Amino acid sequence: MKKYLLFVFGVWIMIVALKGDDETKFRIPKNWPKPVYEFNKNPLNKDKILLGRALFYDPVLSADSTISCTSCHLQYTAFTHVDHTLSHGINGRIGTRNAPALTNMAWGTLFMWDGAVNHLDMQPLAPISHPDEMGSNIDTVLFRLRRSSIYPSLFYKAFKDSAITGEHFLKAMSQFMLTIVSSNAKYDQVMRKEKGIAFTSQEANGYRLFRTYCESCHKEPLFTINDFRNNGLSVDTTLNDYGRIKITHDSKDSLCFKVPSLRNVEFSYPYMHDGRFATLQQVINHYTTSIQHSATLSPLLDKPIFLTANEKVDMVAFLLTLTDKEFLFNRAYSFPKEIFMSAPKE
Amino acid sequence: MYRYITVVILSMICTHNSSAQNVVPVIFRNVWGNTPLQLDSSLHTNQDTNISTINNLKYYVSGITLLHNSDVVFSEPSSVHLIDARMPSSCTVMLNLPKDVFYNRISFNLGIDSITNVSGAMGGDLDPTKGMYWTWQSGYINYKLEGKSNACKTRNNEFHFHLGGYSYPFASIQKIVLNLERTDSIVIIADVSTFVKQIDLANENSVMIPSEQAMKLSRLAASIFSIQK
């Protein structure tokens, strides 16, 4: 009997000790919906976040160690690849789609322009294996991590397990991505009625127009409905990308692409899944004058949108209030010097 | 304090009970006709097929359940097993049954259910490093068969069947129910030759995406399981 009591006491001590294990709470910005990611399956912890961040910045993930996630998803440009219409991978290979900006992934349901990825955890497998992106595979990546001089101890610290498994690798990458939250743009400050912050009359008018014409797909506060729509782009016959239908094989999904968030849209140029527009003016002109009518066009865009030249300027002024400087320069998202400087790389 | 005492008593009961548990092995025997399946070696050719080798055979078995007639009498908790013909140890699953369960049928899924498919990264047999997870589109491969046949006019005469897909209209998981002859050990035969013989390898030798074809082949793959007499 005594033995059992001791045993139970021991288990209790262990549970208490594990509970206190640097759990980091995910902060939901005021008035935002509940995140979609199930944090109970992968509770945030600072060592795991740091590990994920190191992996995000490490070209060891690519076949020839030249390309990291950040090569295509650069923090200062809202985690996208500016200037390239289509993404560039190893050996200068060019992909078939434009890298999207990464923000607020804890609220994401399906990932990629066509929703090919069904869970944030599974996202890294796609670029790692894609021949035009990182051109490697998860087994090679884990093999290299096991032999590296820094990762075995980082994995041990994070997971209390020195075996570097696919599950732990993917969960750590998710942890870092989940922390990438943009919620402090001028727009947010205005919504929170912070002292001394207000829209200019141009911005306010742009916001009014936005709520009339754009809100139903680019829904606040995330500026996306996290669903797939045809917004009237013509088919680029050099790519013949029909979007979501590739995954669902449902003709209703032909030409439907994921509605991107417009947070930090100032920096996510070029725009659309194939990067066809260089400026926000061009995007707005698309919505006012060049909508392509087809069977799957969203009914919301069926009726033409009329905007005067001034209204277009106001709309752009509003979109620029979605720029979140704190996010773009947040040190918590940047290259983790402390890890890569302290140990020699293999 | 009372709580601890309850826990103590409970744990005593549990440990007591476990000694009365009944361990029943479920053995998946992958065969080619009447002989155990030999990977990488020439399989004897007959009129029906030009097969020369099988190089890889892996499949997921999940949701193992025992039934007495149509009543469920036991469901294995978190039941997922990757059967890999290259790893004999993976082909035996031990079921820990409580004492006094009576059953005469077994049921299991060939493949991974849709909930598990959308639940993010998992470990053990579900770890995506097991070569059973697609990368360009999320989802587990339920059944993987690779080999060579001179019927295939492909590179190195190879054929590849990666069968999977968890969502409508291409949900390819298959439920299999078999009547048992004996219950102290359960031996399930999977005769790969009956699968291969029913495929026209000259025209059908590469299926790697969820599709109508993958559904058809998944049903075929499920049909090769039987109970050893």
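Me: Helices are DSSP runs of H or I with at least four residues, and strands are runs of E with at least two, both numbered from the N terminus. With that settled, where is B:Asn156 found?

Reply: This is a predicted model, to be clear. B:Asn156 is in the loop of chain B between strand 8 (141-149) and strand 9 (158-164).

Me: What is its phi?

Reply: For B:Asn156, phi is positive, about 55°, although the residue is not a glycine.

Me: How many helices and strands are in chain B?

Reply: Chain B has 4 helices and 13 strands. Of its 229 residues, 50% are buried.

Me: What share of its contacts comes from residues 24 or more positions apart?

Reply: In chain B that share is 71%, taken over contacts with a separation of 6 or more.

Me: And the accessible surface of chain B? What does it come to?

Reply: About 11,300 Å² for chain B, with 52% belonging to carbon and sulfur atoms.

Me: Where do the two prolines lie, A:Pro221 and A:Pro270?

Reply: A:Pro221 sits in the loop between helix 9 (201-213) and strand 1 (228-229) of chain A. A:Pro270 sits in the loop between strand 2 (257-258) and helix 11 (280-289) of chain A.

Me: What about A:Met272? Where is that one?

Reply: A:Met272 is in the loop between strand 2 and helix 11 of chain A. Its phi is positive, about 80°, although it is not a glycine.

Me: Is A:Met272 buried or exposed?

Reply: Buried. A:Met272 has a relative accessible area of 13%, and so falls under the 20% cut-off.

Me: Salt bridges next. What does the count come to over all chains?

Reply: 16 salt bridges over all chains.

Me: Which residue does A:Arg97 pair with?

Reply: A:Arg97 forms a salt bridge with A:Asp114, with the closest N and O atoms 3.1 Å apart. A:Arg97 and A:Asp114 are in the loop between helix 3 and helix 4 of chain A, 17 residues apart. A:Arg97 also meets A:Asp241 in a salt bridge, 2.7 Å from N to O.

Me: Why does the A:Asp241 and A:Arg97 pair tie together separate parts of the sequence?

Reply: Because A:Asp241 lies in the loop between strand 1 and helix 10 (245-248) of chain A, while A:Arg97 is in the loop between helix 3 and helix 4, so the pair joins parts 144 residues apart in sequence.

Me: Are these residues, A:Arg97 and A:Asp114, buried or exposed?

Reply: A:Arg97 and A:Asp114 are buried. For the other pair, A:Asp241 and A:Arg97 are both buried as well.

Me: What does A:Arg192 form a salt bridge with?

Reply: A:Glu194, with closest N and O atoms 2.8 Å apart. A:Arg192 is partly exposed at 28% relative accessible area. A:Glu194 is partly exposed at 30% relative accessibility.

Me: Which residues are linked in a network of salt bridges?

Reply: A:Lys46, A:Asp47 and A:Lys157 are linked that way.

Me: At what angle do helix 2 and helix 6 of chain A pack?

Reply: Helix 2 (residues 46-56) and helix 6 (residues 151-159) of chain A pack at about 150°, with axes 8 Å apart. Their crossing is left-handed.

Me: Which residues meet there, between helix 2 and helix 6 of chain A?

Reply: From helix 2, the residues include A:Asp47, A:Leu51 and A:Leu55. From helix 6, they include A:Leu154, A:Phe155 and A:Lys157.

Me: How far is A:Ser334 from A:Ala54, in sequence and in space?

Reply: 280 residues in sequence, and 9.5 Å in space, C-alpha to C-alpha, for A:Ser334 and A:Ala54. A:Ser334 lies in the loop between helix 13 (325-328) and helix 14 (337-342) of chain A. A:Ser334 is buried at 12% relative accessibility.

Me: What does A:Ser334 touch?

Reply: A:Arg53, A:Tyr57 and A:Gln75, leaving out residues up to four places away in sequence.

Me: Last one. Which residues make the nonpolar surface patch of about 310 Å²?

Reply: A:Leu74, A:Tyr76 and A:Phe329. A:Leu74 is in the loop between helix 3 (69-72) and helix 4 (125-129) of chain A, and A:Leu74 is partly exposed at 37% relative accessible area.

Definitions and conventions:
Residues are numbered from 1 along each chain as its sequence is written. Chains are lettered from A and ligands numbered from 1 in the order in which they are written. This is a predicted model: local features need pLDDT of at least 70, side-chain atom pairs count only at pLDDT 80 or more; totals for chains, interfaces and linings use all residues. Side-chain values use heavy atoms; hydrogens and water are left out. Patches are made of residues with over 30% relative accessible area and no salt bridge: like charges are joined within 9 Å, nonpolar side chains (Val, Leu, Ile, Met, Phe, Trp, Tyr) within 5 Å. Accessible areas come from the Shrake-Rupley method with a 1.4 Å probe; for residues, only the protein chains shown count as cover. A salt bridge is a side-chain nitrogen of Lys or Arg within 4 Å of a carboxyl oxygen of Asp or Glu. Buried means under 20% relative accessible area, exposed over 50%, partly exposed in between (1.4 Å probe, protein chains only). Axes are lines fitted to C-alpha atoms, for helices over the stretch in contact, and angles run from 0 to 180 degrees between N-to-C directions. A crossing is left-handed if the near helix is turned anticlockwise from the far one by less than a right angle, and right-handed if clockwise. Contact means heavy atoms within 4.5 Å.
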